[in-house]
Amino acid sequence: MMNDELILLKREIKDLNTMVKLLRNRNKDLELEFKAIGIAMSQLGVTEINLLNDTKNMIRDKISVLDSQGRVKGRVDVHRYNLVPATELNS
Amino acid sequence: MKIVTSTRDYNFAIGGLLIREFKKNHSYIMSEILMEDIVSVGGKTLFTAVRDLDSGLYKKYNGENLDGKNILIWRTGGMGDLCFITPYLKKIKELYPTSKIIFGCGVQYSDVLSKHQYVDEFCHIPIDVEYMKNSDFHLMFEGIIENNPDASSKNAYDLFGEYFCITLQDHEKVPNLTVEKENLDYFKEYEKKFISRPNPIKIGIHLKTSSVVRDVHIDVWKKLLKAIIRYVPEAAIYIIGSQDDEELAGQLVITSDFTGAIFPFYRICRGFRDSVAAISEMDLMVGGDSSGLHIAAAFQKPMVGLFGPFKSELRLKYYQNAVGIDSNIKCSPCYLHGNQPCDNSNMTGTSFCMMIFEVEKIIDEILFLLHINKKVPIGALTPKSATLALAFYKEYFANKENKQENK
């Protein structure tokens, strides 16, 4: 999503419900949509959303794992199992 | 599971592709999902006498002496689940040499399992009830991983072992698979035709898993392939899978960045036996939580697995030189199964947990594993992978010395 489009969105947005509807109409790519929601949330200063029906709850759940930039919040953990040098294999 | 009797001869394409023949007046054991599929296409008149499987026909094996007896074993899951079963087939034959194993699985996996060295007779699922009647014992593993609370804390081999009532040593908990000469020749012919560089480091990539929930995001693969080409310039990267993977894998193959380094073996792959042969030739496998890793374990190939919905420990714990990279986000591990995307997924259905893998970390692990397997020199390592290698050798030799002293 281009920056000027985001600015335009920001003008049109009154609340998050409107924003979700607007984004739905503009974007068929949900990944972009959620990224845009994340960015718009940070621009609007919104930290939590309270949407009504189940579909919107799903969106709320999705947003809860995203940060304000639309990135997934989390880290990776590395686990190494039974390391053996090549010379020891087949022994 | 239900038992249904067919009212006429017909063929049905399971999953829309794989043809299964059904015979008039024969009874079959099938899942309710498959029944619904068949009814939706052919109507309710295709079956009569629908009844539950637990009607005295199913005689679960509970560790009895199998010498001179028949055991019918079947599983409706993917290739990974079948891999977990294979060491137990070997053990049954070791314990009870005169037993007869009748094995059933999906048509798509029959090329591997029908010729398995410990399978005496093969049948397709849905299982014809005649096979049940002619067997002394049965094992079907329904719900062993799906809807099983233990599946979130026990390794898959242990879950299957409990069901089999058979105990294996830890080192035995790896798939038992072999490569046929014909399939190996087919793979080598492919290499001869397309791989021009001498003695490349062969890295296999298994892009797709059997569930969209566990599929790694395509952008992770794109970044990872770029990084492999940069850090392991002598690598030949083989995309392993089936021709059905074109939609995803094609996105990598057409990218000019990878020309000359990436080889779409999946495009000419005729079945799982070709995949098994290809993986047996790799120096390292990278994949999501999928059968590619388990097949690699059968041939002691180092591997890096990318995990989200399930912890890597539950799948890789017993494999040698296995690295599991576990996504750790708010909702994972969720232990979700099935063919529907999870709630926390994007438009293409990729779970959020399968998007956040840091390519730098994956590359460090790849280089580290290649190094301890004598494929790349220490000079080719990144600082992090060199640190890993030094720490590994220090610990390894210290343990070795301790063992010698104790002797």
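Good morning. The structure before you is a predicted model.

Let me start with the empty space. Rolling a probe the size of a water molecule over the atoms shows where such space is left. The volume of the largest cavity is about 140 Å³. Which residues line it? From chain B, they are Val112(B), Lys115(B), His116(B), Gln117(B), Asn176(B), Leu177(B), Thr178(B), Val179(B), Glu180(B), Arg273(B), Val276(B) and Ala277(B). By class, this lining comprises five nonpolar, four polar and three charged residues. Helix α9 of chain B, residues 272-280, gives the most to the lining, namely three residues.

I turn now to the contact between chain B and chain A. Chain B brings 42 residues to the contact, and chain A brings 30. Together the two chains bury an area of about 3100 Å², with 57% of that area coming from carbon and sulfur atoms.

How many salt bridges are counted between chain B and chain A? There is one. In this salt bridge the side chain of Glu365(B) meets that of Arg80(A), at 2.7 Å from N to O.

On the side of chain B that touches chain A, the elements giving two or more residues are α11 (313-316), β16 (322-329), α12 (359-372) and α13 (383-406). The largest share, eight residues, belongs to β16(B). Sorted by class, this side of chain B holds 20 nonpolar, 12 polar and 10 charged residues.

Finally, the backbone. Most residues other than glycine have a negative phi, and most peptide bonds are trans.

Ile125(B) and Pro126(B) are joined by a cis peptide bond, with omega about 0 degrees. Pro126(B) sits in the loop between β8 (121-124) and β9 (127-128) of chain B. A cis peptide bond also links Ser332(B) to Pro333(B), again with omega about 0 degrees. Pro333(B) lies in the loop between β16 and α12 of chain B. Asn321(B), although not a glycine, has a positive phi of about 50 degrees. Asn321(B) belongs to the loop between α11 and β16 of chain B.

Thank you for your attention.

Notes
Residues numbered from 1 in each chain as written. Chains lettered and ligands numbered in written order. Predicted model: local features only at pLDDT ≥ 70, side-chain atom pairs only at ≥ 80, totals over all residues. Heavy atoms only, no water. 1 Å grid on protein atoms, 1.4 Å probe; cavity = no way out; pocket = protein on both sides within 12 Å on 5 of 7 lines; lining within 4 Å. Points joined across faces, edges and corners; volume = space filled by probe spheres on them. Helix = DSSP H or I, 4+ residues; strand = E, 2+ residues; numbered from the N terminus. Nonpolar A, V, L, I, M, F, W, Y, C, P; charged D, E, K, R; others polar. Contact = heavy atoms within 4.5 Å. Buried area = accessible area lost by both parts, 1.4 Å probe. Salt bridge = Lys/Arg side-chain N within 4 Å of Asp/Glu carboxyl O.
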